[in-house]
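Let's take a friendly walk through a protein model together. Have a look at the picture below, and then we will visit some side chains one by one.

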Amino acid sequence: MAGTEGTPGPERARPHPEVEEDARHGRLTARPSATAVAGAGGEPGTYRLEGRALLRVPPPASDGTAVGPYWLVVVLHGAGGTAEQALTWLLPQAGSDRLLLLAPQAGEATWDVVRGGYGPDTARLDAALHDVFRRFPVDPAGVAVAGFSDGASYALSLGLANGDLFGAVLAFSPGFMAPMVRHGHPRVFVSHGRADPVLPVGACSRRLVPELAQTGYAVTYREFGGGHEVPPELATEALRWWVDGPPAA
């Protein structure tokens with residue numbers, strides 16, 4: 001979808017206040033708890049969950065101390081990509097015994113909102129999050145969503161719609177954002193290559209970042225001298241910006 005990723009999604013009206021918001025509006029219902037659940041958790045490694053999502057569980061602390069509540073980042077692949085590919089962007093930089101990585105797989109070549117509207121992918125992600133939150137204690141102030149390309153557009157869209165779940169959004173080379181509703185006020189990190197041939201920076205991030213700032217979001221923006229990619233040093237910076245930044249409200 002290289003020819004369409006940079007095109008803003010269709011205008012979506014905010015639901016009437018009496019209409020219950022659900023997956024059709026990009027809303028997620030799963031919520032974390034910092035309290036461990038009996039029989040929950042799992043051994044370190046990468047597991048496939050129902051709904052074609054991958055979950056990476058970190059190894060225990062080197063000193064053998066018990067792990068407190070985890071932090072979790074949802075990582076969204078680009079058009080034509082895979083959950084396995086999405087993990088590679090942040091896994092080398094994760095470097096923490098407390099960081100869970102959840103990488104869902106889109107039902108088709110790209111995410112539902114890019115194809116015309118929220119629905120099946122949002123519902124599958126919600127189910128995967130319910131599974132993770134049931135099995136692992138997760139700090140409610142330590143949940144973020146990240147993505148690259150179409151995945152970055154989806155991360156921005158879901159992040160603004162679910163700022164009461166996601167305290168931060170990490171968007172690597174996004175093309176657009178299309179939140180149908182907005183809740184909360186997540187911090188936002190955006191990076192984009194000045195020589196991006198797929199999603200030109202002028203039509204994408206240089207338009208999105210001012211719009212985010214003008215509507216009251218705290219935005220950190222990084223341009224780099226490359227193309228359509230996630231440079232390892234920016235992935236590291238984004239994670240540090242999230243983990244070391246102010247806690248979510």
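Predicted model: local features only at pLDDT ≥ 70, side-chain atom pairs only at ≥ 80, totals over all residues.

R31 is partly exposed, with a relative accessible area of 34%.

Residues are numbered from 1 along each chain as its sequence is written, and side-chain values use heavy atoms, with hydrogens and water left out.

Which residue does R31 meet in a salt bridge? The partner is D164, at 3.2 Å from N to O. This pair brings together distant parts of the chain, 133 residues apart: R31 sits in the segment before β1 (45-49), and D164 in the loop between α3 (150-161) and β6 (168-172). The names of helices and strands come from DSSP runs, numbered from the N terminus: helices are H or I with at least four residues, and strands are E with at least two. Like R31, D164 counts as partly exposed, with a relative accessibility of 37%.

What is a salt bridge, then? The term is used here for a side-chain nitrogen of Lys or Arg within 4 Å of a carboxyl oxygen of Asp or Glu. Side chains of opposite charge can pair when their charged atoms come close.

Now find E21 and R27, whose side chains also meet in a salt bridge, at 3.4 Å from N to O. Is R27 buried or exposed? R27 counts as buried, at 12% relative accessibility, whereas E21 is partly exposed at 26%. E21, R27, R31 and D164 are linked in a network of salt bridges.

Another stop is the salt bridge between E223 and R194, where the closest N and O atoms are 3.9 Å apart. The structure holds 13 salt bridges.

Finally, look for S62 in the loop between β2 (53-57) and β3 (70-76). S62 is exposed, with a relative accessible area of 84%. The C-alpha atoms of S62 and D97 are separated by 8.6 Å, although the two residues are 35 residues apart along the chain.

Definitions and conventions
Buried < 20%, exposed > 50% of the residue type's maximum accessible area, 1.4 Å probe, protein only.
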